[in-house]
Amino acid sequence: MKQLIVLLLVITTLLSCNNNENTCGQAFIGGEIINPNNDFVTLLRDASPIDTLYLDKNNRFSYQIETLDPGLHSFYHGGEYQIVIIEPNDSIMIRLNTLDFDESLVFSGQGSKKNNYLINMFLKLDKEEHFVYQSSKLNPEIFLTKLDSIKEEKYLALNAFKEKYQPTDYFINVAQTGIDYSYYRDKEIYPYRYFGTNKPLPLDSLPDGYFNFRNDIDYNQEELKEFFPYFNFLFPHFNNLAMEKYFKDNNEEKLVRTNIKYHLNKLELIDDMVESEVMKNILLKFPTRNFLNYSKSFEDSEAMYNSFLKKNTSGQNEVYITNLYKTLNRLRPGNKLPEVEVLNFKNEATTLNSITKRPTVLYFWSSINKYHFENSHAKVKELKKLYPNIDFISININSNNESNWKRLLKQNNINITNEYRFRNPEIAKKLLAIQYINKVIVVDRKDNVITSNANLFKSDFKDLLDEIK
């Protein structure tokens with residue numbers, strides 16, 4: 001989950017329909033943002049913006065929805081987002097602080113109880129992840145006992161909530177999906193952690209019926225396509241199914257994760273098993289994107305791209321993946337680094353090409369992920385001592401707010417000599433195909449790309465630097 005926070009102070013205003021029935025389709029959402037990263041909040045439904053809500057001089061916003069079907073919405077500010085259930089007659093106020101997004105998020109007003117329940121569920125999932133990971137060292141019977149106990153506690157809490165607040169059927173379905181699919185995800189991942197991530201599972205070592213939960217999976221819940229526990233299960237689930245198919249079809253004892261057959265299996269299984277076009281297109285897009293980003297083989301990338309095109313029916317996703325595919329091809333070793341504008345600490349504009357005079361490592365960070373910001377700068381500080389003939393250039397990918405960017409650098413005592421931010425983050429991220437924050441681009445003294453998908457923290461990164469120093 002996300003690292004930063006947006007919290008606010010609020011006053012609640014209740015809206016009501018003329019007939020007091022929960023069918024008028026009206027609702028209200030508002031709040032106040034402390035330490036805002038920009039001057040607006042975006043409200044979305046189904047990943048599509050409903051409206052842009054501008055902050056007033058007190059950093060407050062408000063919005064009345066005249067026609068509303070109950071469902072999951074999301075709000076977005078400064079690179080952070082979170083979901084919110086909005087149903088007719090709700091009057092929801094959000095309290096946020098950008099310095100600590102999820103942990104500080106509090107709802108008040110009519111409709112707040114269900115949303116506070118959900119945000120608490122997300123925070124518990126974050127804490128559970130470490131516990132479940134540690135428990136994955138235990139044998140299957142003990143692990144399953146602990147996991148079943150966690151699920152039972154959640155259902156007891158949900159039943160108590162239902163008895164006290166009488167929530168709608170829609171909310172109950174969302175909450176139950178959150179409990180069930182986080183449980184399914186842990187069951188899906190555990191055997192591969194315990195027995196090995198690249199080998200066939202010894203199924204006779206698992207309790208009888210261990211994978212029976214797979215019979216209960218609904219792949220077609222379009223209304224929950226952005227609900228974290230739901231989609232966070234589906235991706236490892238299809239990864240595992242693809243691996244099982246790989247071992248079934250190939251007489252091998254180990255899987256190399258870059259194997260193109262394994263990745264093509266994912267797309268084939270998604271195409272075969274998911275009926276909803278909306279869900280199918282989402283599930284096809286992300287594994288294709290991830291593979292293209294990390295692939296070092298032009299032939300494999302082409303095979304993955306063509307398989308995606310045959311199965312996808314979303315024009316928007318086709319444009320997205322096609323642009324990514326073409327961009328990554330332009331970033332292949334030996335090609336010139338694209339002209340991308342950046343701003344230095346004095347707010348002076350320049351281009352990446354004009355500041356790369358020696359072999360150079362370009363690494364990126366976002367104010368949303370403070371953990372990565374601190375770790376990447378600490379890692380580079382160590383690498384600079386080992387490789388004095390290589391330049392290391394740090395680029396913030398999300399900050400249109402100059403004062404916030406400068407404040408973060410000063411607070412962490414960062415040397416500003418090679419600190420930059422994109423002049424236009426959205427254009428720059430497309431030109432450099434920045435899909436994930438750990439991405440590192442390495443160029444030679446002539447601005448030729450050596451690699452566009454390195455990682456500071458991988459064990460082979462020093463080997464790469466040894467070759468070019």
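Tutor: Let's start at Asn413, which sits in the loop between helix 12 (402–411) and strand 13 (419–422). Helices (H or I, at least four residues) and strands (E, at least two) are DSSP runs, numbered from the N terminus. You are looking at a predicted model, in which local features need pLDDT of at least 70 and side-chain atom pairs count only at pLDDT 80 or more, while totals for chains, interfaces and linings use all residues. Residues are numbered from 1 along each chain as its sequence is written, and side-chain values use heavy atoms, leaving out hydrogens and water.

What draws the eye to Asn413 is its backbone: phi is positive, about 55 degrees, although this residue is not a glycine. As background, most residues other than glycine have a negative phi. Asn413 counts as exposed because its relative accessibility is 70%; the classes are buried under 20% relative accessible area, exposed over 50% and partly exposed in between, with a 1.4 Å probe and protein chains only.

From the backbone, let's move to charged side chains. The structure holds 16 salt bridges, each being a side-chain nitrogen of Lys or Arg within 4 Å of a carboxyl oxygen of Asp or Glu. One of them pairs Arg358 with Asp391, at 2.7 Å from N to O. This pair links distant parts of the chain, 33 residues apart: Arg358 is in the loop between helix 10 (352–355) and strand 11 (360–365), and Asp391 is in strand 12 (residues 391–396). Arg358 is partly exposed, with a relative accessible area of 31%, whereas Asp391 is buried at 17%.

Arg60 and Glu32 form another salt bridge, their closest N and O atoms being 3.5 Å apart. Here too distant parts of the chain are linked, with Arg60 in strand 4 (residues 60–65) and Glu32 in strand 1 (residues 27–34), 28 residues apart. Arg60 counts as partly exposed at 32% relative accessibility, and Glu32 counts as buried at 12%.

Lys379 and Glu382 give a local example, with closest N and O atoms 3.4 Å apart in their salt bridge. They are three residues apart in helix 11 (residues 370–386), so about one helical turn separates them. Glu382, at 34% relative accessibility, counts as partly exposed. Salt bridges can also share partners, and in this way Glu87, Asp90 and Lys114 are joined into one network.

Now for the rings. A pair of aromatic rings is described by the distance of the centres and the angle of the planes. This structure holds 29 aromatic pairs; rings of Phe, Tyr and Trp (its six-membered ring) pair if their centres lie within 6.5 Å, and planes under 30 degrees apart count as stacked, over 60 as edge-to-face and the rest as tilted. Phe143 and Tyr190 are stacked, because their ring centres are 3.9 Å apart and their planes meet at 10 degrees. The two sit 47 residues apart and link distant parts of the chain, Phe143 in helix 3 (residues 140–165) and Tyr190 in helix 4 (residues 169–195). Phe143 and Tyr190 are both buried.

In Tyr181 and Tyr184, the ring centres are 5.0 Å apart and the planes are at 70 degrees, so this pair is edge-to-face. Tyr181 and Tyr184 are three residues apart in helix 4, which means about one helical turn lies between them. Both of these tyrosines are buried. They also belong to one aromatic cluster, whose members include Tyr210, Phe211, Tyr230 and Phe233.

Finally, let's go back out to an exposed side chain. Lys248 lies in helix 5 (residues 228–249) and is exposed, with a relative accessible area of 74%. From C-alpha to C-alpha, Lys248 is 37 Å from Tyr155, and the two are 93 residues apart in sequence.
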